[in-house]
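Here is a short report on a helix and a pocket. Look over the model before reading on.

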Amino acid sequence: MGKHASHADICKRLSRIAGHVNGIARMIEKKNSCMNVLHQMEAAIASLRKARKVFLEDHLTHCVIETANNGDAKHAVKEIKFALKEIL
């Protein structure tokens, strides 16, 4: 895996998500409203999904295309299938 444009952004997103998840744990410890906790959980999940989407797009436009350009189209298709299986 070479240099990807999105990796720095993804790492920042994941750090924010980790902080968000830690905040949710604190909300539970402080006995915050269940609805507020559930709302924050959904927000963290949505953020993680967005990070996954950006990472996948970068993977497809970088790694998969590079693999296909290097003459290994079968492997490129296999990677696309695996990625789709993981998210669908």
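The largest share of the lining of the largest pocket, five residues, comes from α3. This is a predicted model: local features need pLDDT of at least 70, side-chain atom pairs count only at pLDDT 80 or more, and totals for chains, interfaces and linings use all residues. Residues are numbered from 1 along each chain as its sequence is written, and side-chain values use heavy atoms, with hydrogens and water left out.

Both α2 and α3 supply at least two lining residues each. Helices are DSSP runs (H or I, at least four residues), numbered from the N terminus. A pocket is an open set of points on a 1 Å grid over the protein atoms alone, where a 1.4 Å probe fits, with protein on both sides within 12 Å along at least five of seven lines; lining residues have an atom within 4 Å of a point.

| Largest pocket | Value |
|---|---|
| Nonpolar lining | five residues |
| Polar lining | one residue |

Among the lining residues are Arg52, His59, Glu79, Phe82 and Ala83.

In α3, Ala76, Glu79 and Ala83 are buried (under 20% relative accessible area, 1.4 Å probe, protein chains only). They lie on the same side of α3, because they cover an arc of only 60° around the axis, taken from the directions from the helix axis to the C-beta atoms. On the other side, Lys74, Lys78, Lys81, Phe82 and Lys85 are exposed (over 50%).

Methods:
Ala, Val, Leu, Ile, Met, Phe, Trp, Tyr, Cys and Pro count as nonpolar, Asp, Glu, Lys and Arg as charged, and the others, Gly among them, as polar.
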